[in-house]
Amino acid sequence: MDDKTLVFRTLREAKPGPKWRSLFDAHWSAYEAWYLAEGERERPGYLACLNALRRHMPELLPTYRALCELAGGGDLASRFLSLYQPPPYITGCSQAVLARPGTTLLARNYDYPPELCEGSILYTRWNDRGVIAMSDCLWGVLDGMNDRGLAVSLAFGGRKAVGDGFGAPVILRYLLEFCDSVPEAAEVLARVPTHMAYNITVADTAGRYVTAMIGPDRRASIRRVPVATNHQKRIEWYAHALASETLIRERQLSILVDDPATSEARLEAAFSAPPLFRHDYRRGLGTIYSAFYRPGEGRVRYHWPGLDLDLGFGHFPEEWITVRYGVRERFGS
């Protein structure tokens, strides 16, 4: 298999402006093709998108409108940016919270085709909160934290159901922009509709954590569970479960987190090795990056074999990092 390359970019911009516009210019053609892959009629109209945001996440509207304007104010881009009823997509992912006295660690691996990952790490202050997040769909969040001590991460829920709701990345953006604690985030996750099944893990500096198993066809199940992979309670999509090894990964994470002797270093090491770190890039289930969020310290470490990137609210240099994936894995900046 030929190596696949992904360029990660760290970008700091307090309010939406020319730097965000540069992301739009770089990625819009690929996102437009994805958004229209099922035909334009399959995507909701602009008013439906606007009204859905107004009804479920009204606090996001000023930011949404600012981004739409920066993107040129076009109908299609505005519909896309709402992330309301986007095309379905499937990821892998493992995530776990290690809550110890005085410290909280949210660890995650993101498993996805490298050629489809945006690779943007944004530090913004759009709504009076500092937010550092791995971006998706130009402003959505795959995982991230805010300066109030909340950290979030998403994983595909392993079910085929698709319905009326939002892509999870914009829901996670909403959490980081307007929630300060796990109880606040849980309330949002219980009420905002999603278009697909996801497992959302949230943690805060008080040591609280929950995993919300959400989907378009059933009420959210929000439980004090520190571990999530790619199924919800029971296996419903057997082929995906087998290919992604969701049960094996969940079991290993549960054993680690339940062991009082597990340190942060031990958990991080586990995320860097099989079965949590996966090399199945041929089928789009290889690990693109690992992320270790310490919301109490305002720090995050992104990891690839042979390379670490340490960022925080007090230290966020802008740079480009090239990562190559494949049988001859080579990593470097």
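Author: Welcome! Two strands pair if DSSP finds at least two bridges between them; strands (E, at least two residues) and helices (H or I, at least four) are DSSP runs numbered from the N terminus. This is a predicted model, with local features needing pLDDT of at least 70 and side-chain atom pairs 80 or more, while totals for chains, interfaces and linings use all residues. Residues are numbered from 1 along each chain as its sequence is written, and side-chain values use heavy atoms, without hydrogens and water.

Reader: How many bridges join S13 to S14, and how do the strands run?

Author: S13 and S14 run antiparallel and are joined by 6 bridges. His303 has Asp308 in S14 as its bridge partner. This hairpin has 2 residues between its strands, and Gly306 takes a positive phi near 85°.

Reader: What joins strand S12 to strand S13?

Author: Strand S12 (residues 287-294) and strand S13 (residues 299-304) are antiparallel, with 5 bridges between them. Ala291 stands opposite Tyr302 in S13, and Tyr293 faces Val300 there. Their hairpin has 4 residues between the strands, and Gly298 in the turn has a positive phi of about 65°.

Reader: In what order do the strands of the open sheet come?

Author: Follow S11-S2-S3-S12-S13-S14, 6 strands with antiparallel pairing. Strand S11 (227-228) and strand S14 (307-312) are the edges: each has a single partner strand, so one side of each lacks a neighbour in the sheet.

Reader: Which strands does helix H9 lie across?

Author: Helix H9 (residues 264-271) lies across S2, strand S3 (103-111), S12 and S13, at about 5° to S3. Helix H8 (residues 246-258) lies across strand S2 (94-100) and S11, at about 5° to S2. Angles run from 0 to 180 degrees between N-to-C directions of axes fitted to C-alpha atoms, for helices over the stretch in contact. As for cover, 5 of the 6 residues of S13 are buried (under 20% relative accessible area, 1.4 Å probe, protein chains only).

Reader: At what angle do the axes of H1 and H4 cross?

Author: Helix H1 (residues 18-35) and helix H4 (residues 75-82) cross at roughly 90°, their axes coming within 11 Å. That makes H1 roughly perpendicular to H4 (65 to 115 degrees).

Reader: Is Leu50 buried or exposed?

Author: Leu50, in helix H2 (residues 46-56), counts as buried because its relative accessibility is 8%. Beyond its neighbours within four places in sequence, Leu50 contacts Leu61, Tyr64 and Arg65.

How values were computed
Angles under 35 degrees count as roughly parallel, over 145 as roughly antiparallel, 65 to 115 as roughly perpendicular and the rest as oblique. Buried means under 20% relative accessible area, exposed over 50%, partly exposed in between (1.4 Å probe, protein chains only). Contact means heavy atoms within 4.5 Å.
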